[in-house]
Amino acid sequence: MKILGIDGSQGNGYTRKLLERALSAAKKKGAQTKIIHLPNKKAKRILSECDGVVMATPVHWFNPSATMKEFIDSLTLPLNSKQDFANAPFPLDGIVSAFIAVCEEDGAQQAINSMMSAMNH
């Protein structure tokens, strides 16, 4: 099993540490893991090679980070610009998704809901 961690933070803070901890637990169960840090132009293509994805973001005003939001928005575009948008495959079809949102006060659940709703395309 291959699990990809997607880090939407900009540094070595709590978001990255929690993502590393989640993937460490998966690794102990036998999964192959990898973390990519956004922005990363290859992230969308790497998704097709994994069985699961953990998306981690700091919370900014009840929402995912701008880099995470931009990445999620890119998932709704076809992998190939010549594909018909209506018939283009969704990059996360069949991939199990998990979410981590880090904040000091309120807003984590709303940020997760924002990411989750995009994954329920």
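## The loop between β3 and α3

Trp-61 lies in the loop between β3 (52-58) and α3 (66-74), where helices (H or I, at least four residues) and strands (E, at least two) are DSSP runs numbered from the N terminus. This is a predicted model, in which local features need pLDDT of at least 70 and side-chain atom pairs count only at pLDDT 80 or more, while totals for chains, interfaces and linings use all residues. Residues are numbered from 1 along each chain as its sequence is written, and side-chain values use heavy atoms, with hydrogens and water left out.

Although Trp-61 is not a glycine, it has a positive phi of about 50 degrees; Phe-62, which lies in the loop between β3 and α3, is likewise a residue other than glycine with a positive phi, near 70 degrees. Most residues other than glycine have a negative phi, and most peptide bonds are trans. Trp-61 is exposed, with a relative accessible area of 78%, and Phe-62 counts as partly exposed at 35% relative accessibility (buried means under 20% relative accessible area, exposed over 50%, partly exposed in between, with a 1.4 Å probe and protein chains only).

## A cis peptide bond

The peptide bond that joins Leu-38 and Pro-39 is cis, with omega about -5 degrees. Pro-39 is found in the loop between β2 (32-37) and α2 (43-47).

## Arg-16 in helix α1

Arg-16, in helix α1 (residues 14-28), is buried, with a relative accessible area of 15%. Not counting residues up to four places away in sequence, Arg-16 touches Asp-7, Ser-9, Gly-11 and His-37, contact meaning heavy atoms within 4.5 Å.
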